[in-house]
Amino acid sequence: MLKDTMKGRVAFIFEQDDFDVDQIVGVENIKIKEVDSLIKVAMRDYDPDFGSLVETGDFLIGAANFGYGHPHYPPMIAMRAMGIAGVIAESFSPGYWRGEIAMGFPQFECPGIQSLVQRWDGIEINLIEHTITNLRTSRSLPFTPWSVGDEEMLQCGGIVQYLHHRK
């Protein structure tokens, strides 16, 4: 169950529009199923030290159409296992969005997010006011509220728990 606010740091900023999340683990590793093996390859092309720097509750930042392409689950399985609490992006690929919401992984659409934050800034996401605040600068931006169904699915922890809850 999500709380009214989430706090964390900006662990990484993907500046490329149409970013294919498969690149997080490398396309050659997309069929890996073991979480520990995914963690070992995750982000090595972007920041080889990422695994030792990321903390539970950190966030990823994306550009427009984040998750473009055929969304596979292993990259975000690795990110969740490393402690990433969610993704904030200018916009999302619909297929990626649906898959990650169904996994119970919070996604926040926030136009302008890339101009609001820098890597390692602390942020606070207010789920009641629908705002994201940079704790270093005190600047805030609104994020697009989730649909009722998406919010219920996230509050339950994913689609399986959501379907059990609706019985």
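Is Arg-80 buried, exposed or partly exposed, and what is its relative accessibility? In this predicted model, Arg-80 comes out as partly exposed, at 24% relative accessibility. Its salt-bridge partner is Glu-100, and the closest N and O atoms of the two sit 2.6 Å apart. Arg-80 belongs to helix 3 (residues 74-82) and Glu-100 to helix 4 (residues 94-102), so the pair ties together parts that are 20 residues apart in sequence.

Searching the whole structure turns up nine salt bridges, and a few others are worth a look.

One of them joins the side chains of Glu-124 and Lys-7, at 3.6 Å from N to O. Here strand 5 (residues 122-126) supplies Glu-124 and strand 1 (residues 5-13) supplies Lys-7, so this bridge links parts that are 117 residues apart in sequence. Lys-7 is exposed, with a relative accessible area of 57%, while Glu-124 is partly exposed at 22%.

Then there is Arg-166, which forms a salt bridge with Glu-152; their closest N and O atoms are 4.0 Å apart. Arg-166 lies in helix 7 (residues 159-166) and Glu-152 in helix 6 (residues 148-156), so the two tie together parts that are 14 residues apart in sequence. Arg-166 is exposed, its relative accessible area being 55%, and Glu-152 counts as partly exposed at 35%.

Terms used. Residues numbered from 1 in each chain as written. Predicted model: local features only at pLDDT ≥ 70, side-chain atom pairs only at ≥ 80, totals over all residues. Heavy atoms only, no water. Helix = DSSP H or I, 4+ residues; strand = E, 2+ residues; numbered from the N terminus. Buried < 20%, exposed > 50% of the residue type's maximum accessible area, 1.4 Å probe, protein only.
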